[in-house]
Amino acid sequence: MSADHADPGRAYTPAVTFAQARAAARAARTAEHGRQVRRTARPRGVFGAIRSRAPLSLQLYGAALEGRLVWRGENEFAMLEPPLRRRPPRGTRGAGPRLADRFWDVFVAFTPPALLLLLSLALIPLALVRREWLVVVLTLPVLGVFHVAGVLVAMALNLVWQVLRPVVERGRDHRVTTEELRGEHWSVAVCHQARFERAEPLIKAIVDRLAALPGGWGEDRGSLVCVLNGVTTEAMRTAFLARARHARLDDQGDGLAFLVSLPRAHPREPSEREAVSGLLLYLFAGATLVFVEAALVADSEAEACGNDCAGRPATYWTALRWLSQRLLLTDPPHLSPATPEVVVTGWFTSIVALTGVLVVLTAGRWYLAARRRRRANLDKELTAMDATTKVLLLVATSVEYEQVKAVVRAHTEHAPEVDFRGPHVVFNLGVVSKATILLARSEPGTTATAGAMLTAQTLIEDLRPDYVILTGICYGLRKGPQRIGDVLVAGQLRVLDLKKIVDGESGPVEIPRGARAEPSVKLLNACYAVDAMKPHIGVMLSGNTLLNSEEERNRLIAAHPDALGGEMEGAGVYAAAAKHRADWIVIKAISDWGVGKTKRHQARAARNAAEFVLHLITLGALDTPPTPT
């Protein structure tokens with residue numbers, strides 16, 4: 001029985017051999033997007049030169065043992081991965097490959113030198129009997145020392161690159177990583193299929209396998225994340241993109257939301273234990289090297305000096321004393337070697353000591369960084385426990401989305417946490433003052449399926465936020481008193497779409513019949529209290545028309561002389577919030593004047609609006625829930 005048709009109540013048997021897994025990995029690497037898949041499946045670890053994940057063949061074989069490999073042949077397969085924070089159930093096969101995959105960088109960094117040192121220690125009795133083995137006994141710990149030193153030097157260079165990377169790659173968004181996206185949800189990590197007509201059966205097999213996984217893995221599966229960087233062919237990526245337009249994976253309603261993302265993987269962060277382990281291993285290797293060298297030094301000096309060995313390290317203990325002093329780059333008083341090979345050995349020992357200084361500094365920085373990170377995580381957890389309100393920020397464009405994330409993260413230093421709510425993606429941006437900030441995006445306007453009205457209604461019902469704030473960009477109607485980037489706050493929102501048209505003496509006459517909605521009194525009064533950024537507070541227009549006409553702009557000014565500006569999503573947010581009696585407000589910044597539109601000022605305006613909202617929350621205005629009415 002194949003793994004695809006195994007009884008879900010029984011443990012899966014490995015229907016795939018390691019040789020088949022190697023062939024499948026080779027097919028994936030040589031495919032259309034093979035190099036990108038390799039970088040995604042095996043990102044570089046904290047050591048820089050060492051990959052943080054095991055070879056793809058070992059990953060596939062481990063997935064087959066655990067029943068996570070959807071296998072339809074070497075040229076048609078998909079590897080599922082559980083949430084990174086969830087452990088597999090007890091008794092599941094594949095513990096060895098799983099551990100090797102999880103700690104591959106640590107295994108490659110420290111296992112070879114440890115084995116070399118153990119082998120060297122095991123050969124010492126043989127070297128004492130047969131002198132020719134001393135070279136072997138000495139060479140093994142030397143290789144171990146060089147291996148550890150090279151690894152830690154590479155780690156130091158990698159840490160320097162991580163510091164310089166935001167400057168070198170300025171403007172690129174690295175906040176949403178593979179680990180964050182897959183932290184709480186199942187994911188399709190690797191998928192290989194060259195033929196588009198075979199894509200649908202493979203996707204269906206993925207859904208069936210996820211539902212059938214034993215030990216409770218198929219329970220509580222809110223979302224399935226597809227990492228497009230892990231899909232090897234353009235045909236399969238096209239199939240996934242087509243399916244991603246739907247809220248569910250199949251027409252029968254299997255309960256799976258589907259997100260497509262192109263994350264950029266980051267190295268695994270080092271831990272305090274790994275820093276200490278690496279340093280201890282280096283010190284142990286250095287000590288072993290000195291003890292083994294002492295026997296070689298004593299033997300060489302004794303053979304050269306004969307009966308007159310005064311002042312020379314001709315015995316084991318004098319050689320050990322001399323080598324220990326060489327670690328400090330000096331010779332002991334009245335003790336120095338005469339043979340050239342021993343002098344070279346002494347200088348080599350001094351070089352090892354100098355390398356040790358870099359190793360100690362690197363390990364210390366690693367340890368302190370891990371400790372600070374652990375304390376910061378604890379502080380965030382304590383702060384989150386102290387949070388009393390939820391603030392839902394809604395935006396409608398990618399530039400608004402990115403600017404809100406950037407502004408809040410600069411304040412909280414909290415990486416956004418992804419949460420999938422049906423067809424919607426919600427980012428938890430952290431806690432400011434005593435308010436948890438949530439961010440979601442709709443499509444522009446209010447009438448589309450993913451528009452502001454239905455998006456706001458769904459999220460308000462699901463999240464039950466205390467406050468709903470629509471932020472982003474808008475157009476201004478008072479050029480002169482207003483400037484690009486100025487923040488507008490809707491003291492009143494006028495809905496433009498609902499109107500009556502009658503015949504007049506000079507043609508059709510429009511009679512506005514849209515709502516004139518007033519936002520939350522608490523939120524509006526809080527905006528008056530923001531002294532750092534003086535907003536324009538007054539009437540804002542809201543309609544499903546992207547204004548880029550001077551004639552229409554002049555008509556709006558004539559019909560609404562008291563209006564400050566306009567936008568497209570406020571009416572939908574107002575309607576959804578009013579239905580659920582949620583406190584709401586519209587806070588946007590001017591990016592254009594409703595004519596001659598360009599994207600030139602959009603990022604600046606979106607950032608100003610986001611900074612105003614953040615300042616509003618920072619003041620503590622939203623720390624307490626609104627008073628029920």
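1. This is a predicted model, and the first point concerns helix α14 (residues 452-463) and helix α17 (residues 570-580), whose axes come within 7 Å and cross at roughly 30°. Because angles under 35 degrees count as roughly parallel, α14 and α17 are roughly parallel to each other, and α14 passes α17 in a right-handed crossing.

2. On the α14 side, this contact is made by Ala452, Met453, Ala456, Gln457, Ile460 and Glu461, while α17 contributes Gly572, Val573, Ala575, Ala576, Ala577, Lys579 and His580. Sorted by class, the contact of α14 with α17 has eight nonpolar, three polar and two charged residues.

3. The structure holds six aromatic pairs, among them the edge-to-face pair of Phe18 and Tyr61, with 5.6 Å centre to centre and 90° between the planes. This pair links distant parts of the chain, since Phe18 lies in helix α1 (residues 18-29) and Tyr61 in helix α3 (residues 56-66), 43 residues apart. Phe18 counts as partly exposed at 36% relative accessibility, and Tyr61 is partly exposed with a relative accessible area of 23%.

4. Tyr401 and Phe427 also form an edge-to-face aromatic pair, at 5.7 Å centre to centre and with 70° between the planes. Here the distant parts of the chain that are linked are helix α13 (residues 398-412), which holds Tyr401, and strand β8 (residues 424-432), which holds Phe427, the two residues being 26 residues apart. Because buried means under 20% relative accessible area, Tyr401 counts as buried at 12%, and Phe427, with a relative accessible area of 5%, is buried.

How values were computed
Residues numbered from 1 in each chain as written. Predicted model: local features only at pLDDT ≥ 70, side-chain atom pairs only at ≥ 80, totals over all residues. Heavy atoms only, no water. Axes fitted to C-alpha atoms, helices over the stretch in contact; angles between N-to-C directions. Helix = DSSP H or I, 4+ residues; strand = E, 2+ residues; numbered from the N terminus. Parallel < 35°, antiparallel > 145°, perpendicular 65-115°, else oblique. Left-handed = near helix turned anticlockwise from the far one by under 90°. Contact = heavy atoms within 4.5 Å. Nonpolar A, V, L, I, M, F, W, Y, C, P; charged D, E, K, R; others polar. Phe/Tyr/Trp six-rings, centres within 6.5 Å; stacked < 30°, edge-to-face > 60°. Buried < 20%, exposed > 50% of the residue type's maximum accessible area, 1.4 Å probe, protein only.
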